[in-house]
Amino acid sequence: MTNDGLTTSLAEGGLQLLGTCAITAEDALDCTGILHLIGPNEPNFWPIFTQSTEYADGAPDPLDRWSRRVLGDIATASGGKPVFPFGKPPYLPFYTWALRSGRFWASPIGFLVHDTAGLFVSLRGAIVLPGRVRASSGKNPCDSCPDQPCRSACPVEAFRKGYDVAACKEHIASTAGADCMSDGCRARRICPIGQGNRLPDQAAFHMQAFL
């Protein structure tokens with residue numbers, strides 16, 4: 001499958017190709033080739049996912065199960081191998097792969113930031129295909145964001161020293177954190193790149209899963 005064919009197949013599932021990187025000997029994969037990093041194409045993704053059997057069946061982990069099915073089918077059709085950032089440990093180094101792609105960077109708050117999706121970027125998996133990596137032309141959006149509002153947007157300063165997960169969860173579970181719970185993390189949604197692409201229902205779904 002060509003990159004154009006992969007892009008078309010992903011778009012049908014509300015997904016997009018976010019970057020590529022070559023597999024190295026340190027990646028703990030029993031295959032060689034190119035990792036195609038895949039995530040939601042927002043806002044197109046949410047209406048497609050919510051029509052799925054996994055979303056409606058009431059069983060645990062609907063998004064992970066949906067991702068396995070959809071990316072598994074695309075990988076089979078393309079002659080590739082799917083890999084995922086979730087499941088049982090040891091977990092695969094998706095953060096490292098993202099940085100290697102040249103289209104993701106560590107943001108001022110430590111979360112990954114993407115050149116077109118900003119801080120709301122997420123990865124549902126990757127597909128390994130044969131081929132060569134094309135040089136990326138991505139630019140770190142944080143370099144042209146002098147105010148870096150994500151640093152100070154959190155009302156409980158959860159990113160002041162690393163990431164205080166306990167403080168974050170305590171806040172979003174409280175009345176004071178209602179907007180973080182319903183609309184998503186303030187620090188992430190203040191990022192000007194990709195702002196407004198994540199629908200409120202989708203943000204609330206992810207925050208509930210996090211909590």
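## A buried serine

Let's start with Ser107, which touches Val113, Leu119 and Cys142, leaving out residues up to four places away in sequence. Contact here means heavy atoms within 4.5 Å. You'll find Ser107 in the loop between strand E4 (104-106) and strand E5 (112-114). Helices (H or I, at least four residues) and strands (E, at least two) are DSSP runs, numbered from the N terminus. Is Ser107 buried or exposed? Ser107 has 7% relative accessibility, so it counts as buried. The cut-offs are under 20% relative accessible area for buried and over 50% for exposed, with partly exposed in between (1.4 Å probe, protein chains only).

A quick word on where this comes from: this is a predicted model, in which local features need pLDDT of at least 70, side-chain atom pairs count only at pLDDT 80 or more, and totals for chains, interfaces and linings use all residues. Residues are numbered from 1 along each chain as its sequence is written, and side-chain values use heavy atoms, with hydrogens and water left out.

## A strand on the inside

Now look at strand E6 (125-129). Five of the five residues of E6 are buried, so the rest of the structure largely encloses this strand. Gly125, Ile127 and Leu129 point one way, Ala126 and Val128 point the other way, and all of them are buried.

## Helix H4

Helix H4 covers residues 62-78, which makes 17 residues. From its first C-alpha to its last it reaches 24 Å, close to the 24 Å expected at 1.5 Å a residue. That expected span is 1.5 Å times one less than the number of residues.

Quite a few residues of H4 are buried, among them Leu63, Trp66, Val70 and Ile74. An α-helix has 3.6 residues a turn, so residues three or four places apart point the same way. Just after H4 comes Gly79, with a positive phi of about 75°.

Most residues other than glycine have a negative phi, and most peptide bonds are trans. This model has some exceptions to look up. Asp61, in the loop between helix H3 (53-56) and H4, has a positive phi of about 55° without being a glycine. Gln148, in the loop between E6 and helix H6 (165-172), also has a positive phi, near 40°.

As for cis peptide bonds, one joins Glu42 and Pro43, with omega about 10°. Pro43 sits in the loop between strand E2 (34-40) and helix H2 (45-49). The bond from Pro89 to Pro90 is cis too, with omega near 5°, and Pro90 belongs to the loop between strand E3 (81-83) and helix H5 (94-100).

## Cysteines without partners

How many disulfides does the whole structure have? The search finds zero, where a disulfide is a pair of cysteine sulfur atoms within 2.5 Å. For Cys31, the nearest cysteine sulfur belongs to Cys21, 11 Å away. For Cys150, the nearest is that of Cys142, 6.1 Å away. Cys150 has 8% relative accessibility, so it counts as buried.
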